[in-house]
Amino acid sequence: MSKTAIAQLKRPKPPSKLKHYLTAGFIVLILWGSAVNTDSTLGELIDGLPNMMDLLRDMFPPKWSYLDNIAGAMLETIRMALVGTTIGALLAVPVALLCAGNIAASRWLYHPARLLLNLIRTLPDLLLAAIFVSIFGLGPLPGIFALVIFSMGLIAKLTYESLETIDPGPLEALTSVGANRAQWIVYGVIPQIQAHFMSYVLYTFEINVRAAAILGLVGAGGIGHYYEVTLGFLEYDKTCTIIIFTLAIVLMIDYASTKLREKLL
Amino acid sequence: MIQIRNITKTYPNGTKGLNGITLSIARGEFIAVVGLSGAGKSTLLRSINRLHDITEGEILIDGSSITRASGRELRSIRRDIGMIFQSFNLVKRATVLRNVLAGRVGYHSTLRTILGRFPERDLDIAFRALDRVNIVEKAYARADELSGGQQQRVAIARVLAQEAKIILADEPVASLDPLTTKQVMDDLKGINQELGITTIVNLHFIDLARQYATRIIGLRAGEVVFDGPVSEATDERFAEIYGRPISQDEWLGVPAI
Amino acid sequence: MMTTKKQWHTIVQKPRKSRYRWLIYAALAALYVWAFAGIPFTGLKETAGQVTQAIFAGIFSPDWGYVYLPEGEDLLRGLLDTLAIAALGTFISTLVSIPFAFWSAANMSRARTVSASGRMVLSFIRSFPEIVMAILFIKAVGPGSFAGVLALGLHSVGMLGKLFAEEVESMDRGPQEALVASGANYWQMLWFAVIPQVLPGFLSYTLYRFEINVRSATILGIIGAGGIGTPLIFAQSSRDWDRVGIILLGIIVMVTLIDLISGAIRRKIT
């Protein structure tokens with residue numbers, strides 16, 4: 001009995017839950033506002049489902065003979081990804097070195113470099129491609145430019161982040177034997193980072209193959225162009241062929257690249 | 001209270017975790033299970049509440065078979081058996097109180113527990129359990145803010161809130177320092193004596209087993225090689241259980257206070 | 001006397017490099033020749049310089065009048081629309097990803113095939129570009145933001161489901177065991193032992209995906225699925241380069257702000 005009384009007495013006050021309620025209310029408000037803003041209703045989705053079913057029915061069976069028409073565009077897609085990734089990777093090297101706090105000596109160097117990198121990384125590849133199309137005209141070249149910028153941003157970011165975690169021991173040793181800046185990087189930094197760097201390049205290549213496959217939607221080359229062609233003529237069985245073909249190539253490249261990356265690290 | 005009838009546990013690869021164990025455990029006993037690691041102590045304990053299934057034999061809890069129970073019946077038998085773990089098994093990000101209340105979920109419907117509508121009586125039980133292990137002021141702290149000894153006491157409070165008739169403790173002090181070890185063992189012993197809860201503890205340290213238990217069971221390679229009161233568990237018998245002379249690691253080395 | 005390199009090599013053998021090394025280099029070289037040779041490096045528009053200048057002029061001396069127009073169709077509304085698409089799409093994908101995560105987490109089911117099949121479905125969804133999904137959804141619900149919401153909602157499941165599943169796999173099994181031992185049923189075990197452990201990780205990944213979805217939502221307008229991409233394409237086709245510039249500026253500022261806020265919240269909850 002007395003034990004109960006003591007326990008009742010000693011019960012600490014529960015912390016206020018007001019913050020939780022406010023946060024939950026705020027999130028609900030945002031989502032509700034978003035739904036209103038985008039005219040998203042469940043009813044519309046349900047109304048649309050029959051259309052969707054029709055579409056899927058039209059897509060199957062895929063028209064396999066269309067593969068002959070798009071094989072060349074697929075090769076162009078892979079070419080674009082390869083060239084874009086390679087040039088982007090080369091450009092990413094100096095950028096990553098500039099952004100890494102333990103390599104770029106002054107904060108006046110790496111803070112602006114990082115800011116610039118982050119600003120570049122705000123633009124998605126398809127948007128970059130659209131801009132480059134308006135500058136350079138239609139064709140794979142603006143697509144490649146977009147991929148170069150995008151790859152540079154991604155590889156530089158991943159690389160500088162792992163650069164900052166490298167072992168400072170060898171760097172100190174090189175400083176103590178009197179190495180100059182270039183020697184310091186070649187003998188102290190690069191051996192520690194090259195496997196990671198290659199792995200990031202491969203990873204970016206995987207992403208770029210996917211990206212290059214849709215750049216054609218804005219006229220920047222590759223197989224994406226054929227989405228517009230087939231959808232425009234309501235040839236959904238051909239669209240389906242494009243989708244499946246792209247998926248197969250993407251998964252194959254992913255598989256090979258993943259195996260290679262596992263070997264590297 | 002607990003009838004273990006000729007149980008055997010065979011793993012898929014053919015090794016035997018438990019081999020023909022028969023035990024009878026009476027209400028209110030405080031049993032220490034000792035043996036080398038890999039002797040089957042943990043498997044035996046987890047067979048009693050069926051966290052592990054046994055291959056042959058049967059276990060009766062208060063006369064009903066947990067071996068044959070399933071679904072709701074199994075859960076209601078488990079509700080009467082509290083368990084304490086070496087690594088505490090608290091949800092580290094949840095509050096102490098919520099961890100203790102988790103011991104009450106077996107009494108209520110899924111919906112009620114998920115909505116957090118525990119009755120006032122349950123809250124009282126939870127706070128009293130925390131008070132019993134002297135940690136009530138931490139009720140709203142996050143479990144990971146507590147020290148190891150405090151966390152184990154929260155785990156004990158969880159079992160108390162469960163209002164179990166049996167407590168199984170699997171190496172409850174193996175992750176604790178000698179001083180907190182003593183506090184936790186004192187708590188377990190006090191609960192055993194005052195509330196009459198049957199307690200079975202897996203222990204590594206010989207001196208702790210002798211100091212706290214009323215009965216010692218020795219396991220070796222999945223078989224019971226010793227079963228008797230503390231007075232009979234001499235150093236020689238321990239050496240037999242271990243199959244080698246007792247080594248320094250088997251002593252906690254803190255004198256009884 | 002100097003010992004020559006050759007003499008040292010009688011003491012310690014230089015490791016032989018693989019004979020296939022040159023083969024690999026040759027293959028790589030051939031690959032690059034093939035890749036670069038197939039790209040037409042000609043046919044650039046002469047106006048390229050002019051257009052670039054105009055776009056940068058738009059970025060650095062923006063037409064502030066476009067930021068807010070009382071009658072609508074301005075920059076702020078476009079950006080808000082983009083954020084709304086991203087927020088709702090992320091929310092839908094989170095809801096859908098949770099069951100997927102428990103399906104494809106290896107520690108939540110006994111049979112290996114169950115989690116393997118879940119992972120396969122997720123990887124399939126992941127490989128399906130959101131923009132293509134948006135095209136298909138436009139056919140179903142008509143052009144507009146809702147198609148974009150659905151596309152982001154579905155495509156994000158591929159990545160979120162995978163990340164969520166990894167979070168479920170990395171949690172501590174102990175609390176689950178404790179709950180089962182105290183007589184809890186499956187749902188109580190899930191709610192009291194699993195959810196509290198994985199929730200912070202789920203929230204953090206959701207925010208991360210939101211950052212990605214904000215970027216994705218800026219391009220949905222290109223194919224008519226709402227957001228700031230729509231006025232961008234209009235400005236582009238009417239050669240209104242100043243406007244293209246200010247829209248780009250708006251996107252850069254919005255994405256940067258969202259990254260900052262979301263990053264700060266993520267650091268706080270994990």
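Predicted model: local features only at pLDDT ≥ 70, side-chain atom pairs only at ≥ 80, totals over all residues.
## Division into domains

Chain B is divided into two parts. Domain 1 covers residues 1-80 together with 165-257, whereas domain 2 covers residues 92-163. Taken over C-alpha atoms, the centres of domain 1 of chain B and domain 2 of chain B lie 25 Å apart.

## Extent of the interface

On the side of domain 1 of chain B, 16 residues are in contact with 13 residues of domain 2 of chain B. Between them the two domains bury about 1,200 Å², and carbon and sulfur atoms account for 60% of this area. Three residues, Arg79(B), Asp187(B) and Ile191(B), supply 44% of the area that domain 1 of chain B buries against domain 2 of chain B, which is more than any other three residues.

## Polar and charged links

The interface of domain 1 of chain B and domain 2 of chain B holds 1 salt bridge. Arg132(B) forms a salt bridge with Glu194(B), and their closest N and O atoms are 2.7 Å apart.

## The side contributed by domain 1

Two helices of chain B, H2 (71-79) and H7 (178-195), each supply at least two residues of the side of domain 1 that touches domain 2. The largest share of this side comes from H7(B), with 9 residues. By residue class, the side of domain 1 of chain B that touches domain 2 of chain B comprises 7 nonpolar, 3 polar and 6 charged residues.

Technical notes. Residues numbered from 1 in each chain as written. Chains lettered and ligands numbered in written order. Heavy atoms only, no water. Domains from an automatic or database assignment. Contact = heavy atoms within 4.5 Å. Buried area = accessible area lost by both parts, 1.4 Å probe. Salt bridge = Lys/Arg side-chain N within 4 Å of Asp/Glu carboxyl O. Helix = DSSP H or I, 4+ residues; strand = E, 2+ residues; numbered from the N terminus. Nonpolar A, V, L, I, M, F, W, Y, C, P; charged D, E, K, R; others polar.
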